[in-house]
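Student: I have a structure to read. Could you take me through its features one by one?

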Amino acid sequence: MTRKIVVVEDDQPILDMMELMLKKLGYEAVLITNGIDALEAVKKEPPSLILLDVMMTPISGWEFLERLREELGMRNIPVLLFTASPTVPEKLEHMHDPLLGMLQKPVSFQELKKGIEKYLR
Amino acid sequence: MEQEITFRGHQISHTDLVRSWVIIALTISCILVTVIALERDVQTIYPQLFFFPILYATYFYPRRGILVAGISGIAYECLVYAFLFPDSLSLISATGQAILYICIATAGAYFIEKVRVSEARYRSIFDNSLLGIVLFDKNSFAIQLTNQQFGTMLGYTADELTSLPFSEFFPSMEARQHFFELLGSSADIRNFETSFITKDGKPFNVNLSWSRIEGSTVSCSVIDINERVRARREADDMAARYRQVTESSPTAIVIIRDRKIVFSNPAFSTFCGYSPEEYYGRDLADFILPDLRGAFLAFSRQWETGRSLPSRAEFRFLAKDKKIRRGVLFCTPISRDGIAATLVNIVDNTEWEEFREHVEETTERRRDIISTVAQELRTPLQPIMGYLNLLLQDPQTFGVTEETREILERCIKSVDQEKQVINQMLELSVMDTDETTLNYSLFSVPELIHGILEQGRYLRKAEIRIDIPVDLTFEADRNKIEMVIDAMLSNAVAYSKPPRKISISYHSMPNHPFHQLAIQDNGVGITDARLDEIFEPAGLPGQDRENHERAGHSLTLAKKFIHLHGGYISVDSIVNLGSTFTIHLPKQAPKGEERI
């Protein structure tokens with residue numbers, strides 16, 4: 001069974017590319033361009049992993065994460081933050097969430113593969 | 001001096017001798033006169049005659065006067081008995097007379113003795129007083145009497161003083177004139193301070209108080225106030241010097257007593273913008289920013305309770321022009337006029353603080369800009385990187401030929417390089433704010449170098465000779481040192497053409513305080529003029545871009561990392577022969593708090 005990965009990203013070129021990459025890696029990619037829709041989708045059908053952009057509107061990746069963990073209580077879905085911001089690693093250290101990882105943009109095919117495999121073990 | 005003679009072991013002065021003779025003569029005369037009067041029956045004068053020797057003797061020798069009265073009484077009684085017996089009335093009268101003699105002598109002796117004792121007492125006070133005492137005539141200023149202390153003060157003997165007028169001791173006409181004026185006024189004068197002149201011409205400060213006693217005699221007490229005058233002058237000097245220091249001080253100085261400002265210097269007026277009239281007597285807290293008054297009161301309570309004060313405390317003041325001034329307060333407990341007070345030094349650091357805030361704001365803003373720029377640069381790299389990866393991952397599917405593949409690989413390399421540059425740029429912006437910390441550990445240098453060579457595939461690019469002890473260890477931040485050596489190697493590769501020869505060698509002697517790791521290349525070399533430039537961040541306006549094209553920020557970072565460790569990088573270069581970069585790293589890692 002192909003595992004499902006939800007990609008939440010408001011940048012369409014990146015989203016298109018991610019779809020191809022994930023397909024190449026053998027996952028089923030669900031592409032969503034904003035956090036609110038993503039919460040709905042995840043609630044309906046929990047994925048194996050979420051790839052999450054941080055800088056988004058109307059809700060940021062951080063808010064999405066909080067609502068996913070607190071409101072939906074989905075604490076066992078791994079989330080990989082997918083960001084270009086240099087301040088994210090510092091924030092991440094303070095979260096103490098074992099199922100929360102990070103990929104620094106631009107991420108290479110190998111890095112993406114390793115990152116996902118690490119959390120899908 | 002009175003002359004004395006010795007009579008039966010007693011010292012008797014001439015005066016006493018004469019007086020004794022007078023008493024004896026008077027007594028005998030009285031007896032003789034009484035004998036004649038009784039014989040001739042003259043009844044009027046004879047009993048009263050005996051008063052002369054009795055009073056005379058009592059006056060000079062009170063106790064002996066009683067003896068004379070007794071003898072006189074007995075003599076008179078005997079004479080009356082001899083001549084008038086048995087006239088009983090006369091005998092009774094004679095006995096009464098005799099008793100009267102003794103009574104008068106006793107009363108006289110009592111009062112005279114009393115006067116003598118009191119006089120002796122005053123005499124002793126007069127003689128032993130530490131004050132100089134002078135009695136002089138108000139009109140002629142002739143000195144009538146002085147005590148010894150007065151003579152001692154001015155260096156005169158008692159005899160010399162009696163021949164001098166009192167006005168002679170004043171050194172100047174003005175002082176004398178002033179004295180005359182005061183003396184002319186009817187009131188008694190207390191504490192008139194003036195200066196006298198001693199016998200040897202030195203000034204002598206005195207405090208005079210005088211009062212009229214009888215007739216034109218004035219009694220004047222003279223106090224030596226030389227010490228007091230000297231102390232006062234010293235205090236005045238001190239005060240003048242103190243005033244000079246405080247008034248010219250750029251630091252605002254305030255003295256607070258009972259929460260009120262009792263002293264300030266001009267710098268404080270400048271600092272708060274108020275004039276002394278506006279702040280004297282007011283609480284310093286009134287000038288502190290309203291929000292901070294509570295904190296200030298807590299702080300000032302510490303000096304009121306005498307607890308040890310913090311070395312400094314910073315407060316914001318509201319100046320008269322409604323602008324905020326920042327002052328650092330240094331407080332010292334002092335005593336002013338014998339009452340506990342607090343000396344507050346206020347160092348105006350308004351401008352410094354504003355400047356610091358400005359710098360902080362600017363740095364913060366720059367970091368934000370760099371951070372945003374980094375994000376904006378990284379995001380579009382993502383699809384490029386992704387698609388390139390995909391194309392290379394599956395060349396057949398996408399119809400990628402071997403030739404295209406090589407081109408795509410070069411593209412990926414460029415994207416990687418750009419990624420590196422962005423990371424270095426961020427690293428530098430963080431380092432500017434001094435937030436970088438070092439994680440010290442002990443690690444093997446040969447292992448580290450082999451790791452770098454493998455990671456950067458340097459062995460493919462150059463012939464590398466390594467000459468370092470196999471057991472060499474550094475105590476430093478491993479990641480930072482790794483980046484430094486990597487930057488050096490990448491620089492060596494970038495600035496040379498094949499066949500590249502790079503050598504890595506270790507030179508330090510065991511007792512030398514620094515490790516010395518040299519990386520030598522056979523590249524183009526660097527001219528002396530550009531030696532300093534190579535460590536500057538690339539791409540800044542006005543700099544030679546060509547020279548930095550490939551080095552990016554890596555050398556700048558390398559230099560900063562080594563500086564953080566307390567070391568430095570030196571460069572030796574000969575154009576067209578090559579360069580040697582030497583890393584000098586302290587062998588002794590800083591301990592505990594010394595670490596940055």
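**Reading the model**

Tutor: Start with the second largest pocket, which holds about 850 Å³ of space. A pocket is an open set of points on a 1 Å grid over the protein atoms alone, where a 1.4 Å probe fits, with protein on both sides within 12 Å along at least five of seven lines; lining residues have an atom within 4 Å of a point. Grid points are joined across faces, edges and corners, and the volume is the space filled by probe spheres set on them.

Student: What should I know about the model and its numbering?

Tutor: The model is predicted: local features need pLDDT of at least 70, side-chain atom pairs count only at pLDDT 80 or more, and totals for chains, interfaces and linings use all residues. Residues are numbered from 1 along each chain as its sequence is written, chains are lettered from A and ligands numbered from 1 in the order in which they are written, and side-chain values use heavy atoms, without hydrogens and water.

Student: Which residues lie nearest the centre of the second largest pocket?

Tutor: A:Pro86, A:Glu90, B:Leu426, B:Glu427 and B:Val430, out of 26 lining residues. By class, the lining has 5 nonpolar, 9 polar and 12 charged residues. Nonpolar covers Ala, Val, Leu, Ile, Met, Phe, Trp, Tyr, Cys and Pro; charged covers Asp, Glu, Lys and Arg; the others, Gly among them, are polar.

Student: Which helix gives the largest share of that lining?

Tutor: H15(B), with 6 residues. Helices are DSSP runs (H or I, at least four residues), as are strands (E, at least two), numbered from the N terminus. Helix H4 (88–93) of chain A and helices H13 (350–393), H15 (402–432) and H18 (478–494) of chain B each supply at least two lining residues.

Student: How many helices and strands does each chain have?

Tutor: Chain A has 5 helices and 5 strands, in the order β-α-β-α-β-α-β-α-β-α. Chain B has 20 helices and 19 strands.

Student: At what angle do H4 and H5 of chain B cross?

Tutor: Axes are lines fitted to C-alpha atoms, for helices over the stretch in contact, and angles run from 0 to 180 degrees between N-to-C directions. Here H4 (residues 62–84) and H5 (residues 88–128) of chain B cross at roughly 170 degrees, with axes that come within 8 Å. H4(B) is therefore roughly antiparallel to H5(B) (over 145 degrees). Their contact has 15 nonpolar, 8 polar and 4 charged residues.

Student: Is B:Leu438 buried or exposed?

Tutor: Buried means under 20% relative accessible area, exposed over 50%, partly exposed in between (1.4 Å probe, protein chains only). B:Leu438 has 10%, so it counts as buried. B:Leu438 sits in the loop between H15 and strand E13 (440–444) of chain B. Its C-alpha atom is 8.1 Å from that of B:Lys480, 42 residues apart along the chain.

Student: Where do backbone angles stand out?

Tutor: Most residues other than glycine have a negative phi, and most peptide bonds are trans. The peptide bond from A:Thr57 to A:Pro58 is cis, with omega near -5 degrees. A:Pro58 lies in the loop between strand E3 (49–53) and helix H3 (61–71) of chain A. The bond from A:Lys105 to A:Pro106 is also cis, with omega near -5 degrees.

Student: What is the phi of B:Lys322?

Tutor: Phi is near 70 degrees, a positive value in a residue other than glycine. B:Lys322 is exposed, at 61% relative accessibility.

Notes. Angles under 35 degrees count as roughly parallel, over 145 as roughly antiparallel, 65 to 115 as roughly perpendicular and the rest as oblique.
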